[in-house]
Amino acid sequence: MRHTLKKNKTQLHTHAAVNLTALVSCQLGKRSRPQKKAVWIDCGVHAREWIGPAFCQWFVKEAISSYQYDSVMRRLLNQLNFYIMPVFNVDGYHFSWTTDRFWRKTRSKNHKFHCRGVDANRNWKVKWCDEGASSHPCDDTYCGPFPESEPEVKAVAKFLRKHKKHVRAYISIHAYAQMLLYPYSYKYATIPNFSCESAAHSAVTALYSAYGVRYRYGPASTTLYVSSGSSIDWAYRNGIPYAFAFELRDTGYFGFLLPESLISPTCTETMRAVKAIASGSSLYFLVFLI
């Protein structure tokens, strides 16, 4: 399904299609030469972190509505591809709305235990099921029966492998803790790419400029905790030089139950941070996976 949107002599093109994993992809952007550099953003890896999908939808809305008057956004959309997945863990997210508000994992079945689901951020093929991950299916950090056992993880990993020559930044949106994390997660060490630290500093500074909310930043292992099989470690290991995980508001007062009144300010400040990362990564048209 293709659509063409025209506004003030600017032509944007959208494309929607269903792939083998039942994900719908939408493509928006100003046509230019192919093979531009790209940024990947996913939200909703953990079902109960509702502010994540809210941000990805906010990003889509702002990218479209501000193109005409926001010079930074216009430049980013003209120069980059953005691959956006608003709800990574669709089944788990739906379950958190209908049955268990604090559900974290996917909803895959386990043939030996009554417990369901895998932690989609412990299922990547990088130091899989090591420290910070559990091998027991009933635990919230269960790593799964094997790497990429979850169709969501497998589909995204396949996509990123295919496009890794062009994807320069990987961003995963989580909650909560008010942190901006980069590799490594699985060990107490800092990646050789010191540009990640510089980009993180610029991002949290841009975020702070909105409402004065402070974020900590640093390697995930020392800033938050050690975890193996994470998406940012996998992205970096697979040649994506800028890999980040946001932990959005707050620091625990509301936790996963962030009130509606804080959605707009959280998304507004996070938008500034993401734009700072994209601008600094020197990374054209926008691709949304929804």
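## Exercises on a predicted model

The UniProt annotation "active site", from an unreviewed entry, covers E247. UniProt positions follow the numbering used here, feature names are shortened, and annotations may be inferred rather than shown by experiment. This is a predicted model, in which local features need pLDDT of at least 70, side-chain atom pairs count only at pLDDT 80 or more, and totals for chains, interfaces and linings use all residues. Residues are numbered from 1 along each chain as its sequence is written, and side-chain values use heavy atoms, with hydrogens and water left out.

**Exercise 1.** Describe the surroundings of E247.

*Solution.* 
- Step 1, place: E247 sits in strand β9 (residues 242-248). Helices (H or I, at least four residues) and strands (E, at least two) are DSSP runs, numbered from the N terminus.
- Step 2, burial: E247 counts as buried because its relative accessibility is 9%. Buried means under 20% relative accessible area, exposed over 50%, and partly exposed in between (1.4 Å probe, protein chains only).
- Step 3, contacts (heavy atoms within 4.5 Å): not counting residues up to four places away in sequence, E247 touches H174, A175, Y176, A177, Q178, M179, L181, Y215 and L224.

**Exercise 2.** Which side chains make polar contacts with the side chain of S172?

*Solution.* 
- Step 1: S172 belongs to strand β6 (residues 167-175), and at 0% relative accessibility S172 counts as buried.
- Step 2: leaving aside neighbours within four places in sequence, S172 is in contact with D42, V45, S231, F244, A245 and F246. V45 is 127 residues from S172 along the chain, with 8.0 Å between their C-alpha atoms.
- Step 3: the S172 side chain makes a polar contact with the side chain of D42 at 2.6 Å. Another polar contact, of 3.0 Å, joins the side chains of S172 and H174.

**Exercise 3.** Classify two of the aromatic pairs, starting with the rings of W50 and Y93.

*Solution.* 
- Step 1: the structure holds 14 aromatic pairs. Rings of Phe, Tyr and Trp (its six-membered ring) pair if their centres lie within 6.5 Å; planes under 30 degrees apart count as stacked, over 60 as edge-to-face and the rest as tilted.
- Step 2: the ring centres of W50 and Y93 are 6.5 Å apart and their planes are at 75 degrees, so this pair is edge-to-face. W50 lies in the loop between β4 (38-43) and α1 (51-65) and Y93 in helix α3 (residues 90-98), so the pair ties together parts 43 residues apart in sequence.
- Step 3: W50 is partly exposed, at 23% relative accessible area, whereas Y93 counts as buried at 18%.
- Step 4: the rings of W124 and W234 have centres 5.1 Å apart and planes at 50 degrees, so the pair is tilted. The partners are 110 residues apart, with W124 in the loop between α3 and α4 (151-163) and W234 in helix α7 (residues 231-237). Both W124 and W234 are buried.

Methods:
A polar contact is a pair of N or O atoms within 3.5 Å; within protein, one must be able to donate a hydrogen and the other to accept it, and residues adjacent in sequence count only if both atoms are side-chain atoms.
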